[in-house]
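Have the structure open in your viewer as you read.

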Amino acid sequence: MTKKYSPYQTMLAVLDEAGKKLGMKTSDYVEMRYPEKELTVAVPVMMDNGETEVFEGYRVQHSSVRGPAKGGVRFHPDADIDEVKALAAWMTIKCAVVNIPYGGAKGGIKVEPSKLSQNERMRLTKSYITQIAPIIGEKRDIPAPDVNTDGQVMAWMVDAYSKLRGENVPGIVTGKPIELGGSLGRVEATGRGAMLTLMNYVKEAKLDPKKMTVAVQGFGNVGSIGAKLMQDQGFKVVAISDVGGSFYNKKGINIEKAMAYAKINGKSLKGYTEPGLENIAVKDFWALPVDVIFPAALENQINETNAKDIKAKIIVEGANGPTSLEGDAILAKKGVVVLPDILANAGGVVVSYFEWVQNLENFYWEEEYVNDKLTKIMKKAFDNVWQLSKEKKVPMRMAAYMVAIKSVVQARKLRGV
């Protein structure tokens, strides 16, 4: 019987190894092994048929030592407390890697959102916020979009929380529509951060993007926008994949056309066609002869089953935790460079931080300014991780964890915790 994948155990294993490589005792960073708070809530929802259903929801605050807890909320049938704990911990690490003054949090509801009407999703969202309201706040814990949530869901959250407070509180979440205090550049930020990380690596490795091919797994916000931005930099995107199917065109895929199709096709690539495009099996997707794979879907997508088939030399992790421990070990033996999620997909939380600052100041920035600041922060974070990776002769993921642990441990010491 195959053991159940535990993202939290994966996080702990890498955390402990990073601590050892820093010469630390477990007691030096032991607080990072445990969330500060775990909340499981019942989320009652009046359905359109007049009956009430109760869904299970979660909010985990992993750390607030470097600032307010920060992290998204996902709606997914496989959401559980173990997954949310891991995602919250990765947020702590991610925020420390890019050196923004946040700790980590995450939330989720165990639900299949595609089976809900728009009004049911709204009532679900507002019920969830009411249940977790006692532990969140614009200077305590700030939710954001994640899998199957978006700006509209954030708008409902703002409304529900503001009514509880009796005042408008736009800073309670990030990833909002522009009309409600969202930041220009936020929608593109995670995909842009992945592109910037890949470009930073390509420059260090002295590679030419115009001679490189990319396969993109997951074609939601992160995957599609990241693919488009990589294509703009000269990379040839030859494969895209989502729950609707996997598609390959060795001459390159028209990403803008694919994005437009998915937008009007229920956010799915199912049925997409263009000249030269062929449908391929999922197992064949991972084995494609490409230079870069950009996994931008869910956890545990690269694992002991498919890692051995991967021919790409670079993995840019757009999703959170897309590579299992076993998959990581196989890739390392093959010499594959993994640009880890806690660095590569941090663009989203960086611009979420910008949005939050704008909300608190009630002063809003131009998109060019947002993108320029994001570019500088991602470059500095990459340089710090890259240099430590070279100095300690460790993979980029391990170096990123080491950067983060040092930052969090130092903050705790300075605070006298």
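A crossing of two helices counts as left-handed if the near helix is turned anticlockwise from the far one by less than a right angle, and as right-handed if clockwise. By that rule, helix 7 and helix 8 cross in a left-handed way. Please keep in mind that this is a predicted model.

**Helix 7 and helix 8**

- Helix 7 spans residues 221–232 and helix 8 spans residues 255–264; their axes come within 10 Å and cross at roughly 165°.
- Angles over 145 degrees count as roughly antiparallel, so helix 7 and helix 8 are roughly antiparallel to each other.
- On the helix 7 side, the contact uses Ser224, Ile225, Ala227, Lys228 and Gln231, which meet Ile255, Glu256 and Met259 of helix 8.
- Sorted by class, this contact of helix 7 with helix 8 holds 4 nonpolar, 2 polar and 2 charged residues.

**Helix 12 and helix 13**

- The axes of helix 12 (residues 347–361) and helix 13 come within 10 Å, with a crossing angle of roughly 130°.
- Helix 12 and helix 13 are therefore oblique to each other.
- The crossing in which helix 12 passes helix 13 is right-handed.
- Helix 12 brings Gly347, Val350, Val351 and Phe354 to the contact, while helix 13 brings Val370, Lys373, Leu374, Ile377 and Met378.
- The contact of helix 12 with helix 13 has 7 nonpolar residues, along with 1 polar and 1 charged.

**Helix 13 and helix 14**

- Helix 13 also packs with helix 14, at an angle of about 110° and with the axes 8 Å apart.
- Angles of 65 to 115 degrees count as roughly perpendicular, so helix 13 and helix 14 are roughly perpendicular to each other.
- Helix 13 passes helix 14 in a crossing that is right-handed.
- From helix 13, the contact is made by Phe382, Asn384, Val385, Trp386, Leu388, Ser389 and Lys392; from helix 14, by Met396, Ala399, Ala400, Met402 and Val403.

- The volume of the second largest pocket is about 390 Å³.
- This pocket is lined by 19 residues, and the closest to its centre are Asp328, Ala332, Pro395, Met396 and Arg397.
- Two or more lining residues come from each of helix 1 (7–21), helix 10 (325–333), strand 12 (337–339), helix 13 (367–392) and helix 14 (396–415).
- Helix 10 gives the largest share of the lining of the second largest pocket, with 4 residues.
- The lining of the second largest pocket is made up of 13 nonpolar, 2 polar and 4 charged residues.

**The cavity**

- How many cavities of 30 Å³ or more does a search of the whole structure find? The search finds 1.
- The largest cavity has a volume of about 90 Å³.
- Its lining consists of Thr10, Val14, Trp90, Gly321, Thr323, Ser324, Leu325, Asp328, Asp341, Arg397 and Tyr401.
- Helix 1, helix 10 and helix 14 are the elements that give two or more residues to the lining of the largest cavity.
- By class, the lining of the largest cavity divides into 4 nonpolar, 4 polar and 3 charged residues.

**Asp328, a residue to look at**

- Asp328 sits in helix 10.
- Asp328 is among the residues closest to the centre of the second largest pocket, and Asp328 also lines the largest cavity.
- Which residues does Asp328 contact, leaving aside its neighbours within four places in sequence? The contacts are Thr323, Val338 and Arg397.
- Arg397, one of those contacts, is likewise among the residues closest to the centre of the second largest pocket and lines the largest cavity.
- Between Asp328 and Glu51 there are 277 residues of sequence separation and 46 Å in space, C-alpha to C-alpha.

Key:
Residues are numbered from 1 along each chain as its sequence is written. This is a predicted model: local features need pLDDT of at least 70, side-chain atom pairs count only at pLDDT 80 or more; totals for chains, interfaces and linings use all residues. Side-chain values use heavy atoms; hydrogens and water are left out. On a 1 Å grid over the protein atoms alone, a cavity is a set of points where a 1.4 Å probe fits but cannot get out, and a pocket is an open set with protein on both sides within 12 Å along at least five of seven lines; lining residues have an atom within 4 Å of a point. Grid points are joined across faces, edges and corners, and a volume is the space filled by probe spheres set on the points. Ala, Val, Leu, Ile, Met, Phe, Trp, Tyr, Cys and Pro count as nonpolar, Asp, Glu, Lys and Arg as charged, and the others, Gly among them, as polar. Axes are lines fitted to C-alpha atoms, for helices over the stretch in contact, and angles run from 0 to 180 degrees between N-to-C directions. Angles under 35 degrees count as roughly parallel, over 145 as roughly antiparallel, 65 to 115 as roughly perpendicular and the rest as oblique. Contact means heavy atoms within 4.5 Å.
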